[in-house]
Amino acid sequence: MGIALENVSKSFGSFQAVDCVNLEISQGSLVALLGPSGCGKSTLLRLIAGLEPLDRGRIWLAGTNATKQSVQERNIGFVFQNYALFKHLTVRQNIAFGLEIRGSAPAKIAKKVEELLELIQLSSLGDRYPAQLSGGQRQRVALARALAVEPQVLLLDEPFSALDTRVRKDLRAWLRQLHDRVQITTVFVTHDQGEAMEVADHIVIMNQGRVEQVGTPAAIYDHPANSFVMSFIGSVNILPSSSNIFQANGFESTNPKMFLRPQDIAILLESGYTNETGSSNNTVPAKVNRLIHLGAEIQAELALADGQVIMAHLTKERFDKLQLELQQQVFVQPKAARSFPLDYSI
């Protein structure tokens, strides 16, 4: 086991930042801590690193009880959101810093630094200073510095949030490739669900200091544990279960709210619909309020007759076939919908 947390809790005054978290992270896996601001994900990362003391619980790293260990004893590489590079040191000197502190032999340091420069694809920039690098390049150097000491665990606190969209997307792919090469147990914090879905082997969904669900990106999206997870991961329409779009198609629920993914809404130009099994279903009328073109996908905002507004997603191929226009009347039918017990407020 790479990391194990047992009943881990941490509060700051009256605020419960982490509330009795139990979690196991497999050796060599890449895991995302995902949740809204203030949910406890960064605090949990700092507890694993030893940067914050526990109120209660235990932390195990690679089978060793690390609860009482210092930051240095835990042998963890930590990458901060703001890079935290030494401005007066070159790229090579930044990467070598941790090895020099540990008293490694100069020849070993030089060899390791060159290996890491090649790994992060910055071999030609070793003599530059951080101010001479782009944001993406500085983040790579920060990762190389963390890897230089050969940590047993690598922790990253929102490593790409300060970068622009294009650079952030490029670094996501690079981080995934890097992890596949070095195979270090890695945990990264993000509030970007797309980032977590794209990069991580498993995602830990957090809310109000608790773990709501742990699973693969596909499992969490397709089988959310509760209404919070479904509303947080991916786009969703949240409607009263009494809405005519559900009543007309036999979707019944004892819960007051239903959850409908935008891609699970069929849009037709005529009323009436027969599904793949040959059984008849009823469509309901809607008016096209807005069309948002996102390249390969088009989002359609639709107003139902009962006043509810929903968002539907169409492929460009489907949109071109329908030729939708603003204020056009169409007919819609839900292909799937979910409801959950009233354990969570949305």
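Predicted model: local features only at pLDDT ≥ 70, side-chain atom pairs only at ≥ 80, totals over all residues.
In one of them, the ring centres of F86 and F97 are 4.6 Å apart and the planes stand at 50 degrees. Because that angle falls between the limits of 30 degrees for stacked and 60 for edge-to-face rings, the pair counts as tilted. F86 belongs to the loop between β6 (76–79) and α2 (91–101), whereas F97 is part of helix α2, so the pair ties together parts that are 11 residues apart in sequence. Both partners are partly exposed: F86 has a relative accessible area of 28%, and F97 has a relative accessibility of 31%.

A second pair, F228 with F232, is stacked, with 5.7 Å from centre to centre and 10 degrees between the planes. These two residues sit 4 residues apart in helix α8 (residues 227–232), so about one helical turn separates them. Here the side chains are buried, F228 with a relative accessible area of 11% and F232 with one of 17%.

The charged end of R261 is placed over the ring of Y221, 4.3 Å from its centre. Likewise, R140 lies over the face of W174, at 5.1 Å from the ring centre.

Two packed helices are described by the distance between their axes and the angle between them. For helix α4 (residues 135–148) and helix α5 (residues 165–182), the axes come within 11 Å and cross at roughly 25 degrees. Because this angle is under 35 degrees, α4 is roughly parallel to α5. The crossing of the two helices is right-handed.

With a relative accessibility of 4%, A286 counts as buried. Leaving aside residues up to four places away in sequence, A286 touches L302, A303 and L304, together with Q328, Q329, V330 and V332. The C-alpha atoms of A286 and I267 are separated by 9.2 Å, and these two residues are 19 residues apart along the chain.

Key:
Residues numbered from 1 in each chain as written. Heavy atoms only, no water. Phe/Tyr/Trp six-rings, centres within 6.5 Å; stacked < 30°, edge-to-face > 60°. Buried < 20%, exposed > 50% of the residue type's maximum accessible area, 1.4 Å probe, protein only. Lys NZ or Arg CZ within 6 Å of the ring centre and 35° of its normal. Axes fitted to C-alpha atoms, helices over the stretch in contact; angles between N-to-C directions. Parallel < 35°, antiparallel > 145°, perpendicular 65-115°, else oblique. Left-handed = near helix turned anticlockwise from the far one by under 90°. Contact = heavy atoms within 4.5 Å.
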